[in-house]
Amino acid sequence: MYEVRGPEPLLPPVPPRAEGAVRREWRRMRDHSAAAGILSRPLFGRLPLRRWVSQDLHSVLDYVGGAALVAVGSASGDSKAKAAGWALGGAAVGVSLFTDYRLSLTKLIPIEAHELADYAYGLGAVLAPFVLGYAKRSPVAAALHVLLGVKVLAASLITDYRCQTGMHLGGELATDPEGIGA
């Protein structure tokens with residue numbers, strides 16, 4: 001019998017070019033697939049919202065939001081607004097610097113704890129002007145603190161939280177490659 005073979009390649013296959021460190025890091029930063037991190041567990045076991053904000057975008061929003069809370073409080077003439085801005089903004093930036101995600105300084109805080117901290121300081125920013133009493137004395141700072149707090153709460157509800165090392169509150173490693181709400 002005759003054997004049918006495909007055409008022989010004319011040239012040998014070209015090995016892939018070595019990827020430089022800058023190019024590899026750029027590719028890794030653009031990656032929004034499961035390779036970009038390990039999924040966190042959904043809040044309360046199952047959160048019915050589709051989570052479409054990437055972890056990297058949320059990380060940037062954490063740093064910008066924390067800096068904005070500090071700036072608004074510092075620009076205010078009220079000492080309580082200033083203290084609230086520094087406390088809330090410092091908490092946001094501090095937690096972000098130590099969370100187990102790509103844009104942090106070191107990975108000490110599990111991603112689920114970061115998510116809970118986001119809700120806590122978001123709610124704190126909404127309530128601070130009224131609890132501390134600077135809503136009437138410094139209405140611009142109060143309105144901006146409330147607005148930033150609502151932004152934190154909304155962004156946290158729709159963020160696809162992912163960790164880098166597999167650190168979770170329960171201690172186990174999650175390896176599910178599908179996105180939450182995908």
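These legends describe close-up views of a predicted model. Residues are numbered from 1 along each chain as its sequence is written, and side-chain values use heavy atoms, with hydrogens and water left out. Local features need pLDDT of at least 70 and side-chain atom pairs count only at pLDDT 80 or more, while totals for chains, interfaces and linings use all residues.

**View 1. Helix H2, residues 55-75.** Helices are DSSP runs (H or I, at least four residues), numbered from the N terminus. H2 has 21 residues, which should span 30 Å at 1.5 Å a residue. The expected span is 1.5 Å times one less than the number of residues. The end C-alpha atoms of H2 are 30 Å apart, in agreement. Buried residues of H2 include Gln55, Asp56, His58, Ser59 and Asp62. Gly65, Gly66, Leu69, Val70, Val72 and Gly73 are also buried. Buried means under 20% relative accessible area, exposed over 50%, and partly exposed in between (1.4 Å probe, protein chains only).

**View 2. The salt bridge of Arg102 and Asp56.** A salt bridge is a side-chain nitrogen of Lys or Arg within 4 Å of a carboxyl oxygen of Asp or Glu. The whole structure holds two. Here the closest N and O atoms are 2.2 Å apart. Arg102 sits in the loop between helix H3 (79-97) and H4, and Asp56 in helix H2. The pair links distant parts of the chain, 46 residues apart. Arg102 counts as buried because its relative accessibility is 12%. Asp56 is buried too, at 14%.

**View 3. The salt bridge of Arg137 and Asp78.** The closest N and O atoms of this pair are 2.6 Å apart. Arg137 lies in the loop between H4 and helix H5 (139-157), and Asp78 in the loop between H2 and H3, so the pair ties together parts that are 59 residues apart in sequence. Asp78 has 11% relative accessibility and therefore counts as buried. Gly77 is also placed in the loop between H2 and H3. Gly77 is exposed, with a relative accessible area of 83%.

View 4. Val131 belongs to helix H4 (residues 111-131). Val131 counts as exposed because its relative accessibility is 65%.

Note on methods: Helix = DSSP H or I, 4+ residues; strand = E, 2+ residues; numbered from the N terminus.
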